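Dear colleague,

Please find the structure we discussed below.

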Amino acid sequence: MKPTVLIAATDRWFPTARLAMALANAGCVVDAVCPAGHPIGKTRAVRRIHGYNGIMPLASFVQAIRTTNPEVVIPADDLATRHLHQLYNQERGHRQAGNQICGLIERSLGPAESFGVVYSRAALMQLAEEEGVRVPKTEVVRNASDLQDWIRRVGFPTVLKANGTSGGDGVRVVNTVEEAERAFRKLQAPPLLARAVKRALVDRDLTLIRPSLSRHQSTINAQAFVAGREATSTIVCWNGVVLASLHFEVLQKVRPTGHATVVRLIEHPEMSAAAEKIARRLKLSGLHGLDFMLEANTGSAYLIEMNPRVTQVGHLALGPGRDLPAALYAALTGKNVQPTPKVTESDTIALFPQEWMRDSASPFLLSAYHDVPWEEPALVSACVSKRRQQRAPSSRKNRLQTRSATVPYKHTVTESLVAGLAPRK
C-alpha cells in the first residue's frame with residue numbers, strides 16, 4: 001500500500017504544487033486541503049482536493065483528515081502550521097477521535113512540546129544558542145520603551161520581525177529611530193479590515209478576516225543585523241533525525257526581505273550541524289526550513305530563523321541525501337531510500353515561476369537551471385496566465401501615458417520557452 005500524505009495549505013503558493021508532484025513521484029498518494037483555485041489542482045499529482053475555509057479553518061482541516069486518514073500531514077505555509085498547533089490543542093482529550101488527530105499531528109511535526117518554540121522567533125534563538133548554534137542576539141520587544149532600550153544597546157542597522165509571518169512580509173531592516181518606531185507600529189498592528197475585505201473579495205483569501213476582527217497584535221522581535229550573504233536549508237526529519245537536506249546560498253530575491261528566486265547549492269558543515277542540532281533537540285518530524293546569514297568576513301553561518309513547514313525548494317531532487325520526498329517515503333514505508341535522478345548537474349537553480357515572474361529577462365533564466373515543470377503543462381499555463389494578469393494593469397497604464405509605443409510586446413527567449421514553444425533540455 002502506498003502511504004497517503006495530506007498537504008495542508010492556506011494560500012495559493014505555486015511551490016506547493018511542485019511538492020505534490022515530487023511526493024507522488026516518490027510513491028506517495030497525495031491529497032490536499034487548500035483554497036479554491038489553488039495551482040495544485042492544475043497537476044495530475046493529487047488524488048483528492050478538500051476545500052479550505054479561512055473563516056472556519058480548523059473544521060476544514062478536521063474534515064480533510066477524517067476523509068483522507070493520512071500517514072502524515074505536511075503544512076505548506078506558516079498559517080497551516082499554526083492551524084495544526086491549534087487543532088492539536090482543540091482535540092486534545094476529545095476521546096478516541098481527538099487522540100487520533102493529535103497523534104497524527106505529532107507524528108507529522110514532532111512532539112507538542114516543540115510547538116511553542118518553533119512559533120516563537122526569540123525562543124528558537126535561545127534554544128539554538130543552548131545547542132551551540134551561532135545566532136544573532138534576539139529579543140522580544142513589547143512596546144516603544146523596549147524598542148528604545150534595544151536600540152541603545154544594539155544600535156543600527158537592526159532587524160524587526162513579527163511572529164507568524166513568512167516570505168519576508170513581517171520583516172523590516174531599519175536604520176534610524178524613526179524607521180524603527182514606524183516599522184514597529186506597522187508590524188504589531190492587526191490587519192486593517194478594509195485590507196482583509198479586499199483580499200477576501202478580490203483574491204478569495206479569507207485568512208485575514210479573523211485576525212482583523214479579533215484585533216490581535218503580533219509579537220515583535222528585534223534581531224541584531226548580520227552583514228553577509230543569505231543562505232537557506234530545507235530538511236526532512238523523522239523523530240529528531242535528519243534524513244535528507246538541501247543547503248543553498250541565495251543569489252537573487254523577489255525583494256530585499258522577500259523569498260529567494262535564484263539559489264546555488266552549497267555544502268556548509270556549520271549549516272548542516274545546526275540543522276541536525278535543532279532537529280534533535282526539538283525531535284522534529286516532517287519538512288522544515290532554516291534561514292542563515294553567512295558572515296561577510298568569515299563565512300560563519302548565523303541561524304536567523306526557522307520555517308516550521310516545507311519551503312519552496314523542498315521538491316528538488318539533487319541526488320543521494322538531497323531528495324526530501326524520497327527520504328520521507330522511505331521513512332513512511334520502512335524501505336530503503338530510492339532517490340529519483342538528479343534534475344540537474346548545475347549548482348545554480350532559477351526557481352519557477354518565481355524568478356521568471358520577478359524578471360522575465362533575467363540572465364539567470366538562461367545561465368542557470370530553470371526549474372520549469374514541463375511534465376505538467378496545465379500548471380505552466382496557469383503560471384503564464386497569472387503573470388499576464390499581473391502585467392495587464394501596467395500595460396494599460398503605459399498605453400494611456402504614451403501614443404508612441406508602436407512596438408508590440410516582444411517575448412524574451414524564456415517567455416517563449418515557458419509558453420511551450422521550445423522546451424529546454
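In this predicted model, helix α1 (residues 14-26) and helix α12 (residues 324-333) have axes that come within 8 Å and cross at roughly 50 degrees. That angle makes α1 oblique to α12, and the crossing in which α1 passes α12 is right-handed. On the α1 side, the residues that meet α12 are Ala22, Leu23 and Ala26; their counterparts in α12 are Pro325, Ala326, Leu328 and Tyr329.

Turning to the aromatic residues, the structure holds three aromatic pairs. One of them joins Tyr88 and Phe115: the ring centres are 5.6 Å apart and the planes stand at 90 degrees, so this pair is edge-to-face, as the angle is over 60 degrees. Tyr88 belongs to helix α3 (residues 78-91) and Phe115 to helix α5 (residues 115-119), so the pair ties together parts that are 27 residues apart in sequence. Both partners fall under the 20% limit for a buried residue: Tyr88 has a relative accessibility of 10%, and Phe115 has a relative accessible area of 7%.

Yours sincerely

Methods: Residues numbered from 1 in each chain as written. Predicted model: local features only at pLDDT ≥ 70, side-chain atom pairs only at ≥ 80, totals over all residues. Heavy atoms only, no water. Phe/Tyr/Trp six-rings, centres within 6.5 Å; stacked < 30°, edge-to-face > 60°. Helix = DSSP H or I, 4+ residues; strand = E, 2+ residues; numbered from the N terminus. Buried < 20%, exposed > 50% of the residue type's maximum accessible area, 1.4 Å probe, protein only. Axes fitted to C-alpha atoms, helices over the stretch in contact; angles between N-to-C directions. Parallel < 35°, antiparallel > 145°, perpendicular 65-115°, else oblique. Left-handed = near helix turned anticlockwise from the far one by under 90°. Contact = heavy atoms within 4.5 Å.
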